[in-house]
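Welcome, and please open the model in your viewer. This tour tells you what to select at each stop and what you will find there.

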Amino acid sequence: MLALCQIPLHSPAQTNSARANAQAEGPATLSAEVEKLGKAASGGDAEAQYRLAQKYSTGSGLPRSTQTAVFWLAKAAAQGHVAAQATLGTSYLVGEGTNKDMPMAIHWLTKAAQQDNVLAQTNLGAIYLNGDNTPQNFQQALFWLEKAASQGAPLAQYSLGKMYQHGYGVRTDEAIAAQWFNKALQQNYPPAREALAELSKRATGEKNPATTSAAPAVKVTQAASVGPADAAAAERDAILGTIQGWALAWSGRKTDDYLGYYAESFIPANGESRGAWAAQRRTRIGGKSHIAVSVSSPEINVRGTVASVVFLQKYSSDQLAETSKKKLILVRQESGWKIQQESAEKISAKATGQH
């Protein structure tokens, strides 16, 4: 086990001195809440130590001091406070309030990650995926990112998408990559939108910059979640991500993934049952050796939990090439936006004769 190293921090005596001299930097007197926290923290209360560290980190009610924050985080972490361990590990990782120290970062992040702290799991995954001052380890990256992604961490979901997109420690599977990117996009994680657009271009044969065998540089995070600045824009992005993922799964002839974009209550246009429709789609998609589907000029209209999307769809296979004006009705469910109805107006079509 790694021992907690000595770090240049304020001692408790220095902390008291800082309080006494805080007039030029912060409030002249400390609030009753801060005084109570300070007394409890000095008495060894781990939760009080963690909360006091937060106040020093943000300058809330105290003069901001990231070094003093790390001092109290170390106190709480040593007592097993999970959030303090995750935050302390991240401090060592990014060098906030202390020098960067990767062994110490991994030590504390691992302790917290093993107790299901999503921040620690995400940052550990990023460390091993990037090989940040430590040997690159895709197996460990996959292990921790999957745990964080299952708890809804958008950065972890995006990072898993990158792993499947480029085959980092897993088989290359762009349909699975699209699913992870779409999950991240539904939480308004902007890089996921760019990643989905890149996959869409690849599916339709457009040129993209060459990729290298090195892992993507995935940023670490210092917050568990960030709320969207514009809920309406985030909703539209999520819907667009669903459509792009659906087109990509269709293009890749990934029938299970493709059908997963449809709601269980999906209403086929010709009146047949969903089961019969799904069986027919499996046969038609599986019977093609090549499919490419592209979506352009989408018009999205959202009303509560229902959205309509009209777009130009270009479809080509080894037997047919056609352009249609497509309309999808989607419903928002717990697992994301799902297709409830679809219709198409054919604009042009021709046999391709490819084999």
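Select I291 and S317: I291 stands opposite S317, which belongs to strand β2. Now widen the selection to strand β1 (residues 291–303) and strand β2 (residues 306–317), which pair in the antiparallel sense over eleven bridges. Two strands count as paired if DSSP finds at least two bridges between them. Helices (H or I, at least four residues) and strands (E, at least two) are DSSP runs, numbered from the N terminus.

## Before you move on

What you have open is a predicted model, in which local features need pLDDT of at least 70 and side-chain atom pairs count only at pLDDT 80 or more, while totals for chains, interfaces and linings use all residues. Residues are numbered from 1 along each chain as its sequence is written, and side-chain values use heavy atoms, with hydrogens and water left out.

## The whole chain

Zoom out and show the chain as a cartoon: there are 14 helices and four strands. Of its 355 residues, 47% count as buried (buried means under 20% relative accessible area, exposed over 50%, partly exposed in between, with a 1.4 Å probe and protein chains only).

Next, colour by pLDDT, the predictor's confidence in each residue, from 0 to 100. The chain averages 81, and 82% of the residues score at least 70. Select residues 207–215, where the pLDDT is below 50; beyond near neighbours in sequence, this stretch has twelve contacts in the model (a contact means heavy atoms within 4.5 Å). Residues 223–229 also have a pLDDT below 50, with four contacts beyond near neighbours in sequence.

Most residues other than glycine have a negative phi. Which strand holds S297? Select S297 and you will find yourself in strand β1. Its phi is near 50°, a positive value in a residue other than glycine, and at 57% relative accessibility S297 counts as exposed.

Then go to R253, in the loop between α12 (231–251) and α13 (255–260). R253 has a positive phi of about 55° although it is not a glycine, and this residue is partly exposed, with a relative accessible area of 37%.

## Salt bridges

The structure holds seven salt bridges; each is a side-chain nitrogen of Lys or Arg within 4 Å of a carboxyl oxygen of Asp or Glu. Show the side chains of E33, R51 and K55, which are linked in a network of salt bridges.

Start with R51 and E33, whose closest N and O atoms are 3.7 Å apart. R51 is partly exposed at 35% relative accessibility, and E33 is partly exposed at 41%.

Now look from E33 to K55, where the N to O distance is 3.6 Å. E33 lies in helix α2 and K55 in helix α3, so this pair ties together parts 22 residues apart in sequence. Is K55 buried or exposed? K55 is buried, with a relative accessible area of 14%.

For the last stop, select E342 and K326, whose side chains meet in a salt bridge (3.7 Å, N to O). E342 is in strand β4 (residues 336–351) and K326 in strand β3 (residues 320–333), so the pair ties together parts 16 residues apart in sequence. E342 is buried at 17% relative accessible area, and K326 is buried at 7%.
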